[in-house]
Structure formats: C-alpha cells, structure tokens
Amino acid sequence: MFVYNTGNAVTFPSGKYTVDGNTTFYYTERNGYRMPAYHRLDIGATYTKPKRKKFESSWNFSLYNVYGRENAYTITFEDDPDDPSRTRALQTSLFRWVPSVTYNFKF
C-alpha cells in the first residue's frame with residue numbers, strides 16, 4: 001500500500017525579537033504554511049497453512065514505511081547556537097520502520 005498526503009496547514013513564525021535575552025517568535029498568518037508532503041510504502045505477505053480438520057491458521061509478515069522515509073511529525077524553531085541572529089528549524093519524525101508478525105487461527 002502506498003500512502004501520499006500533502007502537508008498539513010501550519011502556523012510558522014515569520015520573525016522574531018529579543019527581550020531581556022529571551023527570543024520571542026512573531027506570528028503573522030494563521031495556517032499560512034504547509035508541512036512537507038507525507039508518503040510511505042507498506043508491504044505485507046500472508047502464509048495460510050492448509051486447513052486441518054476444524055483448525056485453520058495463517059502467518060502475516062508486514063513492514064511499515066519500507067523505504068524508511070523520515071516524515072515530519074512536528075517542526076520547531078530555535079536560535080542557532082553558532083549565530084543567535086539566525087533561526088533553525090528542527091524536524092521531529094516518528095517510526096522510521098515498523099516490522100510486525102502476526103499469527104492467526106480459527107477453530
């Protein structure tokens with residue numbers, strides 16, 4: 001399964017100012033920006049054992065986000081430690097890969 005979404009609308013700072021050594025970000029336009037596009041590929045395979053009397057079983061193997069894309073979950077902003085006049089964006093991503101194994105049975 002392939003999943004693709006355009007980035008969600010977000011509010012990012014458009015400027016900043018410093019008061020008593022503390023940086024405060026300035027926001028102008030609500031939801032005026034977009035997060036990066038989100039996409040991933042998931043694969044799965046199921047092995048079904050031949051039916052025996054009253055029992056039936058199967059194994060399922062799957063991998064979430066096959067190519068390991070680090071999709072943005074949040075983006076935060078902070079002063080650059082090397083140059084406080086500059087701002088840097090930090091992206092947080094979740095779950096690069098998620099493998100799973102499932103055993104199912106019916107009786």
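Is glutamate 78 buried, exposed or partly exposed, and why? At 29% relative accessibility, glutamate 78 counts as partly exposed, where buried means under 20% relative accessible area, exposed over 50%, and partly exposed in between (1.4 Å probe, protein chains only).

1. Basis. This is a predicted model, in which local features need pLDDT of at least 70, side-chain atom pairs count only at pLDDT 80 or more, and totals for chains, interfaces and linings use all residues. Residues are numbered from 1 along each chain as its sequence is written, and side-chain values use heavy atoms, with hydrogens and water left out.

2. Salt bridges in general. Side chains of opposite charge can pair when their charged atoms come close. A salt bridge here is a side-chain nitrogen of Lys or Arg within 4 Å of a carboxyl oxygen of Asp or Glu. By this rule there are four salt bridges.

3. Glutamate 78 and arginine 88. These two form a salt bridge, with the closest N and O atoms 2.6 Å apart. The pair links distant parts of the chain, ten residues apart: glutamate 78 is in strand 9 and arginine 88 in strand 10 (residues 87-93). Strands (E, at least two residues) are DSSP runs, numbered from the N terminus. Arginine 88 counts as partly exposed, at 34% relative accessibility.

4. Aspartate 79 and lysine 16. The closest N and O atoms of this salt bridge are 2.7 Å apart. Aspartate 79 counts as partly exposed at 24% relative accessibility, and lysine 16 counts as partly exposed at 27%.

5. Aspartate 42 and arginine 40. Their side chains meet in a salt bridge at 3.0 Å, N to O. Aspartate 42 and arginine 40 are both buried.

6. Strands 3 and 4. Strand 3 (residues 15-19) pairs with strand 4 (residues 22-26) in the antiparallel sense, over five bridges; two strands pair if DSSP finds at least two bridges between them. Tyrosine 17 stands opposite threonine 24 in strand 4. The hairpin of strand 3 and strand 4 has two residues between the strands, and aspartate 20 takes a positive phi near 50° there.

7. Glycine 44. This residue is found in strand 7 (residues 43-48) and counts as exposed, at 59% relative accessibility. Leaving aside residues up to four places away in sequence, glycine 44 touches Phe61 and Ser62, contact meaning heavy atoms within 4.5 Å. Tyrosine 64 is 20 residues from glycine 44 in sequence and 8.6 Å from glycine 44 in space, C-alpha to C-alpha.

Technical notes: Helices (H or I, at least four residues) and strands (E, at least two) are DSSP runs, numbered from the N terminus.
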